[in-house]
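The stops below are given as selections, in order.

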Amino acid sequence: MLRMQISENEIIKRLILSEASFLTLKEKTLLQKKLDSFNDIALMSNKELSSIINRDLIKTFWDGKKVLKKAQTANFLMQKFGIRWSFFGDSDYPALLTEMKDSPYVIFYRGNLDCLKANCVSMVGTRRATFTGKNAAFDFAREASDNGETVISGLAYGIDIASHRGALAGKSAKTVAVLPGGIDSIVPAGHSKTAVQIVENDGLILSEYTPGTPAQPFRFVQRNRIIAALSPVTVVVQAPAGSGAMITAGLALDYNRYVFFHEACFNQEAKALDSINAQKLSAMALREKNGQKKAYVKSQNSPERYVSEGAPVVKNYAEYFTLKNEDFCGINLKKEKEQLDLFID
């Protein structure tokens, strides 16, 4: 895809803006247009920033020189490893991400961005998936791939990696991995070979974080919103109450997406996982400040609650495909550090 060429000065300026997590997307876009040089933002005081965006940032910590150094390092990594980018407003920026309330200012990627233009399905679930759960994810993703769909997940242990590998085994072999850190480093490192296969099969690895950014716990939750937003449907294959997968399901509804549940969420193996999870929630209630409230909120965010409110349960991809194409809406759930070999010379 043809894109407008931008100068090194401009890309570093935008990389600096991408690191300013205290700024909104609208504010970053405004500064991108207002400022001519990366030095303008890197050397700017909080008071000067506040005057441009018309919002008080006096108490915000901002070390522009340190961020400039990180932006320059990220630019070096992008050039060295052929990492591409798409900023909000670019012609190739994924359309579904523009529908989010908190769209990423930029996405960095390796692979074929156009695979997001196909029919897509997001697949999520627990890292501690059972044998049956992982098989269910693999089979569902393979059949989706056989039908030409792009499978989107997070490359994590359990359901995520089974979904990617299932998609790679299908006819289309297109799958997208959304990472919780810079794409110059695959997390977990043991899934690097699968990441290479994804790119080699015309799939996509993407992240909103600048290259060189480490994966941290809060970033796993942040990246889940992108998984939820990138397709019209999120399928929860196996997930206990309050898990990251259930957070993703909630985000999908927030973005006016459908949520389906695989029957592997409710088999005997899944019930054993639920029992272990219930013990952890009980321990949280006793151990943490406001633990009882946190444990209660997590326990309520369960597959059973979604299903009781009308979420469909499917046993395989064929059943999912039928329901999706019938525009199922019995109850309208659609709310109003190991390096990739490819990156090494």
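**Stop 1: helix H4**

Select residues 46–53, helix H4; its buried residues are Asn-46, Leu-49, Ser-50 and Ile-53. They lie on the same side of H4 because they cover an arc of only 100 degrees around the axis, the arc being that of the directions from the helix axis to the C-beta atoms. Buried means under 20% relative accessible area and exposed over 50%, with partly exposed in between (1.4 Å probe, protein chains only). Helices (H or I, at least four residues) and strands (E, at least two) are DSSP runs, numbered from the N terminus.

This is a predicted model, in which local features need pLDDT of at least 70 and side-chain atom pairs count only at pLDDT 80 or more, while totals for chains, interfaces and linings use all residues. Residues are numbered from 1 along each chain as its sequence is written, and side-chain values use heavy atoms, with hydrogens and water left out.

Turn to the other side of H4, where Lys-47 and Ser-51 are exposed. Just after H4, Asn-54 has a positive phi of about 60 degrees.

**Stop 2: the largest nonpolar core**

Which residues touch the most other members of the largest nonpolar core? Select Ile-16, Leu-31, Ile-41 and Leu-155, out of 40 residues in this core. H5 gives the largest share, seven residues. A nonpolar core is a set of buried Ala, Val, Leu, Ile, Met, Phe, Trp, Tyr and Cys residues joined through side-chain atoms within 4.5 Å.

Centre on Ile-41: leaving out residues up to four places away in sequence, Ile-41 touches Lys-13, Ile-16, Leu-17, Leu-31, Leu-35, Leu-49 and Trp-62. Contact means heavy atoms within 4.5 Å. A second, separate core of 34 residues includes Ile-107, Cys-120, Ala-229 and Cys-265.

**Stop 3: the sheet**

Select the strands: nine of them form an open sheet with mixed pairing, in the order E1-E2-E6-E5-E4-E3-E7-E8-E9. Strand E1 (84–87) and strand E9 (313–314) are the edge strands, each pairing on one side only. Two strands pair if DSSP finds at least two bridges between them.

Next, show E2 with strand E6 (residues 204–207): the two run antiparallel and are joined by four bridges. Leu-204 in E6 is the bridge partner of Gly-111.

**Stop 4: the whole chain**

Zoom out to 14 helices and nine strands. Of the 345 residues in the chain, 53% are buried.
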